[in-house]
Each structure stands twice: as C-alpha cells, then as structure tokens.
Amino acid sequence: MTETIDSRKTSASLFKRAKEIIPGGVNSPARAFGAVGGDPIFFQEAKGAWLTDVDGNRFIDYVGSWGPFILGHGDERVLEALRLQLEKATSFGAPSELEVELSELVTELIPGLDMVRLVSSGTEATMSSIRLARGYTGRGKIIKFEGCYHGHGDSFLIKAGSGLLTLGTPSSPGVTPGTAADTLVATFNDIESVKALFAENDGEIAAVIIEPIGGNMGVVPATQEFLSKLRELCTTHGTILIFDEVMTGFRVALKGAASLYKVIPDMVTYGKIIGGGLPVGAYGGKRVIMEVVSPVGPVYQAGTLSGNPLAVVAGLATLRALQDDDPYPVLDKKGEQMATALKEMATRHDVPATLNRLGSMLTIFFTDKPVYDFASATSSDTSFFARFFHGMLDRGVYLPPSQFEAWFLSTSHGDEELRQTLEIADSVLSEIVSS
Ligand code: KE4
C-alpha cells in the first residue's frame, strides 16, 4: 500500500473552524503537529489497529490514543461492558461496587500496592501523589527527571517531556517561581545527579517521581542499576519513591514496571490503560501513606467523576482481558519484529537510527548515538523525523507527531499491519534519502 491518501479537505475545514474556538484547534498540544509541521487530522472512527479520518482515509494507528488501546480500538469485551452499563447509570457522585472491584483488582495485581484512589486523568493522579507525599513527609521539595512528563500539574512543567518538547520549550510560563523552586531536576539514568540534589537539599525532599521506563522523551528505559540505587537512596533519606506508570502501567507487563525491575516504589500512578480509553487515573501506595488522604487523613483530594461507573467498566473489562489473554509475550515479539526491521532498513538506507523498545512501546530515534537520557534523545534529527512522519502519514500510517513520543502496538496489530507498515517505512526512507 504505497499510494498516498487523496484528500484531507474535511479535516482542513474542521481545523479552520476549531482554531476559532479552541486554542490551536486542539484540546491537547501533543495533537497539534507542532513538532512535525502541517495540520492535525480529524478522525471519526476507529476499530482494531485502524483509524478512519473525516475524509474516509484509513490509517494504521501507532498512537492508540497515547497508550490506552493495548487491545486495539473497540475490543468487543470493552464495548459490551459499556453497553450494559450505559443502560444502568453513567455516574452517581456516590460510591458504587464497580469502583471497589477495579480498586481490588489493581491492588491484587500490583506488588506493594495496598490502597488506591481513583481519579479522572494521569495528571490528577500525579498531582495528588506529590501532594500526598508532601503531606505525609512534611517536606516541600520533589525531584523529577529531565525529559520525563507527569502531566500538566504546575510542579511538573519544568524540563518536562511530551507535548512541551513540541513547543520548543521544556518549561511553561504561569508556573510561579515558588513552585518551580520546589521542583529539583535530575538527569535520567544518572544516580550521581540525584545524590547531589539530596546532598544539597538534605531532609527537604518529599518525593522522587520517575517514569521507570521513560516514554515522553521517546522510549528510554531506566537501567536496572539506576532504579535499584534510586530505591536505596529514597529509603535512606525517608523520601517517597513514586513510579509514574500512567503510560507503562499494564502496558509493559500486567504487574507493571515494578515487576520487571523487581523494584517496589512507595507510590504508583496510573492512567490510560486503567480506563480502557475512558477517563480513569489512579494513585496508590502503602496503606500507612494512603491513609493520610482525606477523609481518613488531612491531605485533601477530590473529584466529581472520580471512579464513575461508565469509565470504570471500560477499565475493568480491559484489565480482565489482559489477565485472561496474557498478550505480553506476543506483544513483545511484535515489538521486537518491528524494531529489528526498522533498524535493519535504516542501516540499509544508511540512515542513522537508534531503536529503543520495551515490550510493545518503541521509538526510532534518528541519531547514531545510544539514547539513555534527555540529552542523548535530543541529539536526534527532528527534521528528519518530521519528513519520515509525513511520509508515513501520507501513505496511511499514523505515528505520534513527535520524535519524543512512544509508538504503541496493540494486540490488533497483526502480521498484515506490520507488513504494510514496514513496506511503507522502507519506501519512505528510500524516498527521503534519494531526494
Ligand atoms: P493525562 O493527564 O494526559 O491523562 O496523563 C498525564 C501523564 C502522566 N504521566 C505520564 C507518564 C504520561 O505519559 C502522561 C500523558 N502522556 C501524554 C503522551 N505522552 C498524553 C498526551 C497528551 O498530553 O495529549
């Protein structure tokens, strides 16, 4: 399938309308094509590994709504759960059995997780987790890592990844100097940079928050040694270690990154897959910490639609399907196949490329350097990525519109989708290098 898609006129006219009433015409800057140029595409349908845009063009989808659709779009088990729930109630603003079931399932699955609080987004989960860590420890500072993204909470918009990198600035105006001063930034995979911050701020650090497998500077896994030493350092200093698994939770393994690295954090945050494509986030941890959250303890956190039945049944159906299917070995094999083939074809076309992957999330960095932190990730040729992105898009493959994001494979990406994707990637690389 190397013919290019024919028309985007409906997308273009929708984008024109959208820009009049929505900033940038998008409800999240990550969708705005800021890093790759051109106009975002408007979609109308999705099924399995495929998207259909408003002009009827079809695309193989490697964004998967930024991670939730590990089972592909519209898994029948999720749809059936939603259909049944729709007829009963979508939200009560009061407790329901369903949120107890989802919370029980997550705490049963995840090592070291005694209690969770359900919220409506990953940002709410991470914001709440650091407020709780501050309330529990009585300390004010946090450590994050350059290139990691933890949602748009003020404390995190300092040297962050994901959409911020598409705007050319890793920090945001509007964050007060006082807030920024409480966020210390270390270098990913560099334990000495963390030790230095602890030495300079001894007794003041409430939490270290990290994506155990970075996904927002592109895929950059932490090394085993780094994560193990980070655990030791936090334990020594009485600092809460938070794994932000909004992206990696239930993505890289059913029991998350903690089960892969055998490193147990004090708290963990979730989003994306836990809601099966509907708005659910969660934060949780050891009982002694979680019981500081209101109404049991004094740390306040609340939410109108937290744990709402409609979103929760989508998450429950997704997690139960993952338990039943155990798709992780197959997803890992698909990811390996894709990464190996991309690396081979880049080499054949004499294109510098580094492939980072963990399970079904991967990134091709157009650099000849190994990528193990933010600085090495940003050595990539982002203009080359932009050309590659549009070449793929024009031929019906929808990649994340930024060098600094993860591609997501799902159980719906079959041999045919992988074959078509690789055939198209080969022709796009060939066209770029010969132009
Ligand atoms: P949300 O508030 O977007 O649900 O979650 C924020 C978040 C927190 N932590 C991690 C590790 C995340 O990856 C995210 C959100 N991920 C980005 C994509 N890399 C969401 C895309 C967007 O912002 O539109």
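Colleague: Trp66: does this one count as buried or exposed?
Modeller: Trp66 counts as buried, because its relative accessibility is 18% (buried means under 20% relative accessible area, exposed over 50% and partly exposed in between, with a 1.4 Å probe and protein chains only). Keep in mind that this is a predicted model, where local features need pLDDT of at least 70 and side-chain atom pairs count only at pLDDT 80 or more, while totals for chains, interfaces and linings use all residues. Residues are numbered from 1 along each chain as its sequence is written, and side-chain values use heavy atoms, with hydrogens and water left out.

Colleague: Where does Trp66 lie?
Modeller: Trp66 is in the loop between strand S3 (58–61) and H2. Helices (H or I, at least four residues) and strands (E, at least two) are DSSP runs, numbered from the N terminus. The phi of Trp66 is near 70°, a positive value in a residue other than glycine. Most residues other than glycine have a negative phi, and most peptide bonds are trans.

Colleague: Which residues does a cis peptide bond join?
Modeller: Ser294 and Pro295, with omega at about 5°. Pro295 sits in the loop between helix H10 (287–290) and H11.

Colleague: Let's move to H2. Which residues of H2 are buried?
Modeller: Val78, Ala81, Leu82 and Gln85 are buried in H2. Seen down the axis of H2, the buried residues fall within an arc of 100°, so they line one face of the helix (the arc is that of the directions from the helix axis to the C-beta atoms). An α-helix has 3.6 residues a turn, so residues three or four places apart point the same way.

Colleague: And what does the face of H2 turned away from its buried side carry?
Modeller: That face carries Leu84 and Glu87, which are exposed.

Colleague: What do the buried residues of H2 pack against?
Modeller: They pack against helix H3 (97–109) and H11 (contact means heavy atoms within 4.5 Å).

Colleague: Which residue caps the N-terminal end of H2?
Modeller: Asp75 does, with a side-chain oxygen 2.9 Å from the backbone nitrogen of Arg77. That's a polar contact: a pair of N or O atoms within 3.5 Å, where within protein one must be able to donate a hydrogen and the other to accept it, and residues adjacent in sequence count only if both atoms are side-chain atoms.

Colleague: New topic: how many residues does the largest nonpolar core have?
Modeller: The largest nonpolar core has 75 residues, and those with the most contacts inside it include Val106, Val194 and Phe250. A nonpolar core is a set of buried Ala, Val, Leu, Ile, Met, Phe, Trp, Tyr and Cys residues joined through side-chain atoms within 4.5 Å. Helix H11 (residues 309–325) gives the most to this core, with ten residues.

Colleague: Why does this core lie between domain 1 and domain 2?
Modeller: Because domain 1 (9–62 + 327–434) and domain 2 (76–325) both give residues to this core. The domain bounds come from an automatic or database domain assignment. There is also a second, separate core of 41 residues, which includes Trp407.

Colleague: How many Å separate the centres of domain 1 and domain 2?
Modeller: The centres are 26 Å apart, taken over C-alpha atoms. Their contact takes 27 residues from domain 1 and 31 residues from domain 2.

Colleague: Last one, Thr123. What does the side chain of Thr123 reach?
Modeller: The side chain of Thr123 reaches the backbone nitrogen of His152 at 3.2 Å. Thr123 is found in helix H4 (residues 122–137) and is buried, with a relative accessible area of 11%.
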